[in-house]
Amino acid sequence: MNWLLPRIALATLAVALGALVGVWVGRWSQAPFLGEVLGAGSAVLVLVLVDSLRGHRLIQWLRGNQQGAAPRDTGFWGELGYRIERAVRERERVIDRERLQLSQFLSAIEASPNGVLMLDRHDHIQWCNKVAADHFALDPQRDLQQRITNLVRSPAFVSYLQSGQYAEPLMLGNTRGAGNLSVVVRSYGEGMRLVLSQDVTERERAESMRRDFVANVSHEIRTPLTVLTGFIETMSSLPLTEAERKRVLFLMGQQTQRMLTLVSDLLTLAQLEGSPRPAPDRWVSLDGLLNRVASDAQALSSGRHQISVQTETHADVAGVEPELLSAAANLVTNAVRYTPDGGAIDVVWRLQTDGSGELSVCDTGPGIAREHLPRLTERFYRVDGSRSRETGGTGLGLSIVKHVAQRHGGELHIQSEPGKGSKFRLVLPAVRVRVAGGEAEVGVEAAMPRAQA
Ligand code: ADP
């Protein structure tokens, strides 16, 4: 209110001054009263003109974009301009803050791994993030304000959206045909809806793998159990001779052994999946490891194959000894089991030029057709099921090898051709391999001499 008194005083002073001047001028023309009125009126006119000018300047500023400062006048117009400018700046600050919050909020939703799509009461798309655009094959800019049911025409989706019953998610094949989506709708505001989509292809795949795994394990265990049950019935219901009894007990022992091997492989796999990555500083001597693998292979082969184990360079490998042993043993025993009598098996350890180490197991067995190669490391995948079971295979060996390789940062490579044998290469990265001693001559470090078939 500090402008009010000066304004009244100024107006009064101006009118009084105008009147005085008017009286003085009026005396000359013999009309002092008229002069007084005209003088006071002129003063009021000047005041109104000055006010209008200031008001005009302020309105001009308000009509513009209010970028610069408001007109800096004194008194009433000065205070009015100052207060309006302050309100305008405050409003701009609030808008900026809200704009920033909105953009942060949208960036957060944009970063979500799930699809988010906002619909108005008429199912028009208000906003959607890139993931939703990808899930529903939409263009996040071009399709704004379009009716979603015109763009996503899946009957299941349309009827789900229109049903208003959103307690259960909708399972939908990806509109681009590349997987499965779980879609949930939530209502908010006045008739607005939020469509949330999630790609569950991986989850479904894992779930189906889990189901297959349980079915496979059950099948693998049921077969020997059925055989055992048959033998138990035979033994309890039929009078057997001593020789028959021994034969039945031998066969029962075989089936029990098969189950034991299966359970042991399953435990190994579970352990591999559940334990932390092997430490990079626990060194295992490869010579010792290969010696044990070689003597196991020799025992399994019983002289039916030519087996050679060569170490080009003495080395240590950083990792878990039982795991590395199990991987190497699986590769070598597979070679013995699948290679017909008289065949040759070569096990070679060598350092590669980049410092990584390679354990290769090469056999002259039947080889494997190309189409099977990518699936060999799947659990329970067998090319020749009967040969595998006959020789005590569980279908888990290569899966174990692959897991061990991956846990040690390495890879398993398989090369094979029907009729030309197979080569399995377990490659370990340079960080997990170190030279242990002097160079060994190729072929001289054979852990065992080639046995004649
Ligand atoms: P299994 O216990 O059946 O041997 P693996 O996982 O070790 O299971 O091997 C998977 C399949 O790969 C085997 O069933 C077999 O058909 C094939 N296979 C593995 N090693 C060889 C090999 N050296 N020669 C030919 N086939 C092989």
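User: What should I know before reading the values?

Analyst: This is a predicted model, in which local features need pLDDT of at least 70 and side-chain atom pairs count only at pLDDT 80 or more, while totals for chains, interfaces and linings use all residues. Residues are numbered from 1 along each chain as its sequence is written, and side-chain values use heavy atoms, with hydrogens and water left out.

User: Which domains does the assignment give for the protein chain?

Analyst: The assignment gives domain 1 (4-93), domain 2 (113-199), domain 3 (204-274) and domain 4 (283-435); such bounds come from an automatic or database domain assignment. The C-alpha centres of domain 1 and domain 3 are 107 Å apart.

User: Now the pockets. How much space lies in the largest pocket?

Analyst: The largest pocket holds about 1,200 Å³ of space. On a 1 Å grid over the protein atoms alone, a pocket is an open set of points with protein on both sides within 12 Å along at least five of seven lines, a cavity is a set where a 1.4 Å probe fits but cannot get out, and lining residues have an atom within 4 Å of a point. A volume is the space filled by probe spheres set on the points, which are joined across faces, edges and corners.

User: Which residues are closest to the centre of the largest pocket?

Analyst: Asn334, Arg337, Tyr338, Thr391 and Gly393 are the closest, out of 50 residues that line the largest pocket. Helix 10 provides the largest share of that lining, 10 residues. Helices (H or I, at least four residues) and strands (E, at least two) are DSSP runs, numbered from the N terminus.

User: And why does the largest pocket lie between domain 3 and domain 4?

Analyst: It lies between them because both domain 3 (204-274) and domain 4 (283-435) give residues to its lining. By class, that lining has 16 nonpolar, 22 polar and 12 charged residues. Here Ala, Val, Leu, Ile, Met, Phe, Trp, Tyr, Cys and Pro count as nonpolar, Asp, Glu, Lys and Arg as charged, and the others, Gly among them, as polar.

User: What about the second largest pocket?

Analyst: Its volume is about 490 Å³. Of the 16 residues lining the second largest pocket, Met209, Thr377, Glu378, Arg379 and Phe380 lie nearest its centre. Helix 7 gives the largest share of this lining, 6 residues. The second largest pocket also lies between domain 3 and domain 4, since both give residues to its lining.

User: Changing topic: at what angle do helix 10 and helix 12 pack?

Analyst: Helix 10 and helix 12 pack at about 140°, and their axes are 9 Å apart. That makes helix 10 oblique to helix 12.

User: Last topic. How many cavities of 30 Å³ or more are there?

Analyst: The count is 2 cavities of 30 Å³ or more. The largest cavity contains about 90 Å³ of space, and the residues that line it include Leu286, Val317, Ala328 and Trp349. That lining has 10 nonpolar residues, no polar and no charged.

User: Which residues line the second largest cavity?

Analyst: Glu220, Pro224, Arg258, Met259, Leu262, Gly393 and Thr394 line the second largest cavity, whose volume is about 40 Å³. Helix 8 gives the most to this lining, with 3 residues. By class, the lining divides into 3 nonpolar, 2 polar and 2 charged residues.

Key: Axes fitted to C-alpha atoms, helices over the stretch in contact; angles between N-to-C directions. Parallel < 35°, antiparallel > 145°, perpendicular 65-115°, else oblique.
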